[in-house]
Amino acid sequence: MFSKPTLLILLAFLPAGIFSQGVRGTIVDEQGNPLPNVSIYIPEERTGTITNINGNYEISLPRGEYDLVFQSLGFKQRTFNLTIRDTWIDIDLELEPQSYRLREVVINPSGEDPAYAIMRKAIGILLRIGEIQTSKIERGTEYTFPAYFTDHEPGTKRGEKTCRRTAKR
């Protein structure tokens, strides 16, 4: 009926089907609608999966005890502790919605962009760093120091500037 090579190939894949185990199921919302892209994470294995468009998932796992963390934006996180043995465990569950309260945002069309204040502060810090380094330069001696607001000069590395400080007239 089967040739020897065909029979050997079939027997090689037979144990994979017999000894497979893990967890699978479907995740829905309160109305019974399937939830796609729900994250299922297994911290012990540092692995996981997501549900497909129909809310279905499947994870093959070796025997052992695991925590499964189900989470999706807009829904409460759920965690299950389970022990995998020789069969598949079916976990179908419903996720409860969770609302988030965000802080009030005030838009002032006549005001200054808040990013400008942050940039001014950062520039001030960099300028102070530059002043400290340039104050260490002795007169008549050539030094190389980081140049925060200039292009590099020939003969120096990018981000450095050679400076020669001379006596004032």
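These legends describe close-up views of a predicted model.

Local features need pLDDT of at least 70 and side-chain atom pairs pLDDT 80 or more, while totals for chains, interfaces and linings use all residues. Numbering starts from 1 along each chain as its sequence is written, and side-chain values use heavy atoms, leaving out hydrogens and water.

**View 1. Thr51 and its polar contacts.** Thr51 sits in the loop between strand S3 (47–50) and strand S4 (56–60). Strands are DSSP runs of E, at least two residues, numbered from the N terminus. Polar contacts are N or O pairs within 3.5 Å; within protein, one atom must be able to donate a hydrogen and the other to accept it, and residues adjacent in sequence count only if both atoms are side-chain atoms. A polar atom of the Thr51 side chain lies 2.7 Å from the backbone oxygen of Leu35. The Thr51 side chain also reaches the backbone nitrogen of Asn37, at 3.0 Å.

**View 2. The surroundings of Thr51.** Thr51 is buried, at 2% relative accessible area. Buried means under 20%, exposed over 50%, partly exposed in between (1.4 Å probe, protein chains only). Leaving aside residues up to four places away in sequence, Thr51 touches residues including Ile27, Val38, Ile40 and Tyr57 (contact: heavy atoms within 4.5 Å).

**View 3. The aromatic cluster of Tyr57, Phe70 and Phe80.** The whole structure holds two aromatic pairs. Ring centres of a pair lie within 6.5 Å; planes over 60 degrees apart count as edge-to-face, under 30 as stacked, the rest as tilted. Tyr57 and Phe70 pair edge-to-face, 5.7 Å centre to centre with 70° between planes. Phe70 and Phe80 are also edge-to-face, at 5.7 Å and 85°. Phe70 is buried at 0% relative accessibility; Phe80 is partly exposed at 24%.

Methods:
Helix = DSSP H or I, 4+ residues; strand = E, 2+ residues; numbered from the N terminus. Phe/Tyr/Trp six-rings, centres within 6.5 Å; stacked < 30°, edge-to-face > 60°.
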